[in-house]
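Good morning, colleagues. Please have the sequence and the structure open before you, and I shall go through a few regions in turn.

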Amino acid sequence: MSTESAALQPDTSIRAIGEGYAERFGFSMPNRSIVKTSQGLTEETVRVISKTKDEPEWMLRFRLRALHLFQTLPMPTWGANLSQLEFGSMTYYSKPTKNAEDSWDALPADIKSTYERLGVPEAERKFLAGVGAQYDSEMVYHNIREDLKKKGILFSDVETAVREHPGLVKRFFGTVVPPDDNKFAALNSAVWSGGSFVYVPPGVHVDIPLQAYFRVNSQAFGQFERTLIIADEGSFVHYIEGCTAPVFSKDSLHSAVVEIIALPNSRIRYSTVQNWSSNMYNLVTKRAFAYDNAIMEWVDGNIGSKVTMKYPAIFLMGPGARGEVLSIAFAGKGQEQDTGAKIFHFASNTSSVITSKSISKDGGTASYRGLVKVEAGLTNIKSKVECDALILDPHSRSNTYPTMDIRSEQATMEHEAKVSKISEEQLFYLMSRGLSEEEAAIMIVNGFIDPLVKELPMEYAVELNRLIELEMEGSVG
Amino acid sequence: MSGTILDTLKVSRREKANDAAALLFPADSKSSGLKRLDIAISSPASGALSGAPQEPKEPAEYEQYREASIELGAGAEAAVLVRFVAAGAASQDRAADEPARMQDARLARAENPETPGSLRLTTSLHIRLAAHARLNLYVLSNLPASFSREALSHAALSEGAVLTWTNVVFDEGNGLYTTRIELEGEGSELDFAGAYGARCTTEGEHALSIHHTAPHSKSRTILKSALKDSAHLAFRGLIHVENTARGTDAYLANRNLVLEDGARAESFPQLKIETDDVACSHGATTGGPRQEELFYLMSRGLDRAAAKNMLVLGHLGSVLNRLPPDLAEEMEDIAASALGLNAQGSCI
């Protein structure tokens, strides 16, 4: 995400950026990858990826088993329309550089300039504890502040972790999201590449966020990063991811798996600002295990992509654990945002909150799909789900599909959802104070998403607000 | 989803039973008082099964089909009570021991929900309200455990029609209750309140879909349930606002009281909204009796079970109290026995 945000310079803001995405994020660089698999997915593809990464035998076996699962598991029969997704014409692996660097200057000029245009190095200097940058299939850059490194925090790509910390990886990899979880988890497990590995030692608090930025440069490409975050007892970490891609006519696929383990008394916050281009299928499996008294928070902003299906999940495994999901989806022209959250209460004295906001306009479809499940025999369970949707024009749609499955007498579960348009009264009031209709509408929308935005670090909040303004451009009147 | 329900209704019509009941209120008629429509269900005890219309084949010999329709002409006003009554099967003293036959039925059902040991019953209720008609409808059902039931209800509301519907179900057997209400006239209004109670291994699925196809229609829908032992409720509620239904105001609520660990409430409230000028919302809550409330009642001298029972009746009360007073009282008693609140009826 760029920090040289136009919102900081209002004169250039709304109208000047007008066409928006194409100029700011939609550019592409010539493809200079050094290893690239041919189109389509076969056992050969998987073996090439594994060989290029010089992986241990157990990981290759893991991949091949997952490939078999991918080929046998059915496509989801619900949710967004995925019939146009062509697995056969996609490229599954493209390695842009030889190694991951820890200095921006060591990167090839194209790649460096891409990230500079996106504002990543600047953000790192200003407010991040560590940054990872993935370009197509590989992390090209990974760096963490020296003082944090000394405290024993591990922050690298997963490949490095497989080499250097096989014990930790083997213990947790694939345990939160097993390959047979769903077709796309299987796909990711077979061809995963890149992503972040984070380990925070007991009692260590990482006060400023770690960030990963995912960039797809190639056309008809599949990005399959795999992230594994482990917060040891009593630790805290905030991890942020951002993502963009060039605008191409051919569809691309982003299918990540994110596994999170919050050990007792730890807290993890995972924030996403997803801004893929409108030719991207974003089909992601994200799940966290929260043990005794741990806190897991997903903050999830979905603005871009053609189709997103993403339901960050929290398994509350130990007593006193708490889960929170804050999610916002923006569905514009031709977009389908099928997002939500899942919470499983497996222990007593656990609580969860889901807050979901969606905005649909220009014929876009925003759906909330969620699940809260409470097993029998548990005591003192509390769960609250709130979904608000705004529809900005008569051609757009909003759906709400929550599921609640409660088997315990000592549980309290509340769910509320409402769908409405921008209220005439609010518009009228703001216009009577001298705002134009468009400004008033943007102000109302920004107010609507405020509960989520204020949970993001300031720079991201500004960026998200600005993106929404961009998307709102010309939507009223 | 909509197609399926309507198709079922069509098929059902073809196999029409002998005793279809119909009530017709002509245009502008103002019917005073409550019109009763009792739907008699035969049970083997009364020996009436032999008269069932279906051909004697497995398991059809146990199937029964009952149909009723209520139609109001333009501007008509009426209040109707529809009651499903099992002839001779249910003993009046419901707290008494269950007949051995019903125990058998329960046992058999636990193994296979469609076993011929339970009697299959399909009921279908059609309601049509012409322009500006007003109907106050009460539908009550407490069939014994020997029946497993599929209940189809369908209502269509024309311009300015108002339907107030109170639906109370304490069937002891398994049930699939499908209700589809179409607000197809401009400015039509629905106020639906349902109560459901179940215990032992009873499974009930309530699918309620409210379709708004005309502008400025309004719906209020609520289902309240109380579940004991290992009863299982699945609630599927849908508000569907089509693109033509601008100005829709709709609310759907589901409130479930899970009285014991092992009882289970699943809730799937859904919104499908295809236009912007709407105010649609739903709410779902599921939980056990509130500890503070239990504590309060117990501090006033009630034992835990009595306090819990009082909370159950309080929970369902907002629906039951929509009934005329004598009926409300009767249904409270039925609720108490259906949920085993008085005598500790044990599950077999």
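Which residues lie on one side of strand 6 of chain A, which on the other, and are they buried or exposed? Before I reply, two remarks on conventions. This is a predicted model, in which local features need pLDDT of at least 70 and side-chain atom pairs count only at pLDDT 80 or more, while totals for chains, interfaces and linings use all residues. Residues are numbered from 1 along each chain as its sequence is written, and chains are lettered from A and ligands numbered from 1 in the order in which they are written.

Now the reply. On one side of strand 6 of chain A are Ser196(A), Val198(A) and Val200(A), on the other Phe197(A) and Tyr199(A), and all are buried. By buried I mean that 20 or more other C-beta atoms lie within 10 Å of the residue's own; with 12 or fewer a residue is exposed, and in between it is partly exposed, the C-beta atoms being placed from the backbone. Strands are DSSP runs of E of at least two residues, helices are runs of H or I of at least four, and both are numbered from the N terminus. Strand 6 of chain A covers residues 196-200, and five of its five residues are buried. As background, in a regular strand the side chains alternate between the two faces of the sheet.

Let us turn to the neighbours of this strand. Two strands pair if DSSP finds at least two bridges between them. Strand 5 of chain A, residues 154-157, is joined to strand 6 of chain A by four bridges and runs antiparallel to it; here Leu154(A) has Tyr199(A) as its bridge partner. Strand 6 of chain A is also joined to strand 9 of chain A, in parallel, by four bridges. In that pairing Val198(A) is partnered by Ile229(A), and Tyr199(A) by Ile230(A).

Why is strand 9 of chain A described as largely enclosed by the rest of the structure? The reason is that six of its six residues are buried. Arg226(A), Leu228(A) and Ile230(A) are on one face, and Thr227(A), Ile229(A) and Ala231(A) on the other. Strand 9 of chain A pairs with strand 12 of chain A in the parallel sense over six bridges, and Arg226(A) stands opposite Val257(A) of strand 12.

Strand 12 of chain A also holds Val258(A). Val258(A) is buried because 26 other C-beta atoms lie within 10 Å. Leaving aside residues up to four places away in sequence, Val258(A) touches Thr227(A) and Lys286(A); a contact requires C-beta atoms, placed from the backbone, within 7 Å.

Next, helix 10 of chain A, residues 183-191. Nine of its nine residues are buried, among them Lys183(A), Phe184(A) and Asn188(A). The elements covering these residues include helix 3, helix 4, strand 9, strand 12 and strand 14 of chain A.

A nonpolar core is a set of buried Ala, Val, Leu, Ile, Met, Phe, Trp, Tyr and Cys residues joined through C-beta atoms within 7 Å. The largest one here has 219 residues, and those with the most contacts inside it include Val191(A), Val198(A) and Leu227(B). Apart from it lies another core of seven residues, including Ile41(B) and Phe84(B).

I come now to chain B, which has five helices and 16 strands. Of its 348 residues, 47% count as buried. The contact between the chains takes 31 residues from chain B and 32 residues from chain A. On the side of chain B, strand 15 and strand 16 each supply at least two residues. Six bridges join strand 23 of chain A to strand 15 of chain B, and the two run antiparallel; Ser398(A) has Ile273(B) as its partner.

Finally, how do helix 4 and helix 5 of chain B pack, at what angle and how far apart are their axes? The angle is about 145 degrees, and the axes are 11 Å apart. These axes are lines fitted to C-alpha atoms over the stretch in contact, with angles from 0 to 180 degrees between N-to-C directions. Leu313(B), Leu316(B) and Leu320(B) of helix 4 make the contact with Ala328(B), Met331(B), Glu332(B) and Ala335(B) of helix 5. Thank you for your attention.

Note on methods
Contact = placed C-beta atoms within 7 Å.
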